Amino acid sequence: MFKNIINAVKAYFGTFKLISTLGLWKYFAIPVLISVVTGLTFVTLVYFFSSAIGQFIARAWVWEWGAETFATISNFIGGVLILVVGLILYKHIVMALSAPFMSPVSEKIEAHLLGKANYVHRKTSFAKQLSRGVRINMRNLGKELLFMIPLLLLSFIPVIGIVATIFIFLIQAYYVGFGNMDYTMERYFNYKESVQFVRKHRGTAIGNGMVFVLMLFIPILGFIITLPISVVAASTETVKILNEKGLIDTNSSSETPKEIKK
């Protein structure tokens, strides 16, 4: 798994060159707009509502002594809660709505890497790509929140909090990497097969998502460049894995892709 994580991180190198070579920047206009608007919305929510949530948490402290200190801590906790939950929602909203625009990008990268424009894969429409993107990301959002809520509470406990924070980072990375890989997988696998494929290659998902999550903390620029280069990186790695396992049929005239190798 660690090798796959490293390979997924390495896939980010050269992404700008590949985007320019294939003329992919035009495909990112709407996804970047979605990303920027969604990101700024959640940043605004953190700014305006962190203190309100902090005040709500502070009510748990019924004593007068230390009330001011606890209120300050509560404001910080409120901000962290909104930031983390907002980051989770941001990722899945952007990836779901960007699916119809990212799938063509993945397909062009695949054709470039394989050296062939015609190969067998599932034909999907704009509506189907959007529907699948929403379904995959709703599923991942539910799974992620299920793990994140208890980990968030544990993260405020000394020592244990360090371990919990690491798991929070890795879980977020895994599910965002899943979403990026699915722009390629949707041409070959149905919903259940994609889940199975990512579980077998979770290192690739984690490696791709790690860089994605870290880049989001780059002020403003993170909302602009993160999605395009992470999708390109995920596509190159996913195509490589599919090709190595013989799951991409470049010769057959059949319209049915090969099944996942068990």
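This is a predicted model: local features need pLDDT of at least 70, side-chain atom pairs count only at pLDDT 80 or more; totals for chains, interfaces and linings use all residues.
Residues are numbered from 1 along each chain as its sequence is written. Local features need pLDDT of at least 70, and side-chain atom pairs count only at pLDDT 80 or more, while totals for chains, interfaces and linings use all residues; side-chain values use heavy atoms, without hydrogens and water.

**View 1. Helix α5, residues 126-154.** Helices are DSSP runs (H or I, at least four residues), numbered from the N terminus. α5 has 29 residues and reaches 41 Å from first C-alpha to last. That is close to the 42 Å expected at 1.5 Å a residue (1.5 Å times one less than the number of residues).

**View 2. The bend in α5 at Met148.** The bend is about 30° (the angle between axes fitted to the seven residues ending there and the seven starting there). Pro150 follows within four residues.

**View 3. α6 crossing α8.** The axes of α6 (residues 160-185) and α8 (residues 202-215) come within 6 Å and cross at roughly 105°. That makes α6 roughly perpendicular to α8 (65 to 115 degrees). Among the residues in contact (heavy atoms within 4.5 Å) are Phe169 and Tyr174 in α6, and Ile206 and Phe212 in α8.

View 4. Eleven of the 14 residues of α8 are buried, so α8 is largely enclosed by the rest of the structure. The buried residues include Gly203, Phe212 and Met215.

Note on methods
Axes are lines fitted to C-alpha atoms, for helices over the stretch in contact, and angles run from 0 to 180 degrees between N-to-C directions. Helices (H or I, at least four residues) and strands (E, at least two) are DSSP runs, numbered from the N terminus. Angles under 35 degrees count as roughly parallel, over 145 as roughly antiparallel, 65 to 115 as roughly perpendicular and the rest as oblique. Buried means under 20% relative accessible area, exposed over 50%, partly exposed in between (1.4 Å probe, protein chains only).
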